Amino acid sequence: MRHKNLIISTLLIILITWITAFIYSDYLPDPVPTHWNIDGEIDGWTAKPWGVYILPIIDTATILLLLVLPKIAPKGFRLEGALKVYYLLTLVMAVFMLMIMLFMFSAALNKGFNMTTWIMSGIGLLFIIIGNYLTKIPKNFFLGIRTPWTLSNDEVWYKTHRVSAWVFILAGLAMMLSPFTPYQKIILTTVIIATAAIPILYSLYLYKNIEGFDGNEKE
């Protein structure tokens, strides 16, 4: 099987996630803290065993779905040319979810653990990794900046992802630095808006210039 090592590594991470949750289960309080606000304060709890195993369940379901999607992609949107990148990002996602679970358990056991700093740093690192691989993703229905305009034109897809790569990298850096500034909430809000709006608006702008909306392709 092509890319077998990446798939096996991803499944091993899922197994490690379950084993880690099992090891921690006896030490965690009941209910288990499962949600924190922007200031790092606990504002949500979940009773055992769901509080312990909710993330492994979500992780397993998400990763297995991601591993299956390339097999059911419609013609014209296959991922053969970028399966290595796809499975690598799937592995990164599995590691990220394991990391988030460890952060949650650490915060539940240690009141001095700054959940906000670690979560923001983890998400920022994930954004940087995704940004580095965005330009290597071919047009498909499952991965990347999927707007009506990127999916309708190969050039729009490529140029949108080239710009979006820098948007994600810069957003990731901003999120990693935000806990060390007094502007964390402003940075988080700006990052969310920018990473959502810029790729969409830019793909619309490109499509308008390349194809137009009058039914006639531009010269």
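Modeller: Among contacts in the protein chain between residues at least 6 apart in sequence, 65% join residues at least 24 apart, where contact means heavy atoms within 4.5 Å. This is a predicted model, in which local features need pLDDT of at least 70 and side-chain atom pairs count only at pLDDT 80 or more, while totals for chains, interfaces and linings use all residues. Residues are numbered from 1 along each chain as its sequence is written, and side-chain values use heavy atoms, with hydrogens and water left out.

The protein chain has seven helices and two strands, taken as DSSP runs (helices H or I, at least four residues; strands E, at least two) numbered from the N terminus. From the N terminus on, the elements follow the order α-β-β-α-α-α-α-α-α. The C-alpha trace spans about 65 × 50 × 25 Å along its principal axes. Of the 219 residues, 44% count as buried (buried is under 20% relative accessible area, exposed over 50%, partly exposed in between, with a 1.4 Å probe and protein chains only). The chain exposes about 12300 Å², of which carbon and sulfur atoms supply 67%; accessible areas come from the Shrake-Rupley method with a 1.4 Å probe, and for residues only the protein chains shown count as cover.

I turn now to the pockets. Rolling a probe the size of a water molecule over the atoms shows where empty space is left. On a 1 Å grid over the protein atoms alone, a pocket is an open set of points where a 1.4 Å probe fits, with protein on both sides within 12 Å along at least five of seven lines, and lining residues have an atom within 4 Å of a point. Grid points are joined across faces, edges and corners, and a volume is the space filled by probe spheres set on the points.

The largest pocket has a volume of about 390 Å³. Its lining comprises 18 residues, and Leu89, Met93, Ile130, Leu143 and Gly144 lie nearest its centre. Helix H2 (50-68), helix H3 (83-109) and helix H4 (115-133) each contribute at least two lining residues, and the largest share, five residues, comes from H3. By type, this lining divides into 14 nonpolar, four polar and no charged residues (Ala, Val, Leu, Ile, Met, Phe, Trp, Tyr, Cys and Pro count as nonpolar, Asp, Glu, Lys and Arg as charged, and the others, Gly among them, as polar).

The second largest pocket holds about 320 Å³ of space. It is lined by 18 residues, of which Trp36, Asn37, Ile119, Met120 and Ile123 are the closest to its centre. At least two lining residues come from each of strand S1 (32-36), H3, H4 and helix H7 (184-210), with the largest share, six residues, supplied by H4. This lining consists of 13 nonpolar, five polar and no charged residues.

A search of the whole structure finds eight aromatic pairs. The rings of phenylalanine 103 and tryptophan 118 have centres 5.5 Å apart and planes at 50°, so this pair is tilted (rings of Phe, Tyr and Trp, the last by its six-membered ring, pair if their centres lie within 6.5 Å; planes under 30 degrees apart are stacked, over 60 edge-to-face, the rest tilted). Phenylalanine 103 is buried at 11% relative accessible area, whereas tryptophan 118 is partly exposed at 44%.

In a further pair, phenylalanine 127 and phenylalanine 168 have ring centres 5.3 Å apart and planes at 35°, so this pair is tilted. Phenylalanine 127 lies in H4 and phenylalanine 168 in helix H6 (residues 154-177), so the pair ties together parts 41 residues apart in sequence. Phenylalanine 127 is buried, with a relative accessible area of 16%, and phenylalanine 168 is buried at 13%.

Two residues complete the picture. Threonine 20 lies in helix H1 (residues 4-25) and is buried at 14% relative accessible area. Beyond its neighbours within four places in sequence, threonine 20 is in contact with Leu98, Met101 and Leu102. Isoleucine 198 is placed in helix H7 and counts as partly exposed at 38% relative accessibility. Not counting residues up to four places away in sequence, isoleucine 198 touches Val167 and Ile193.
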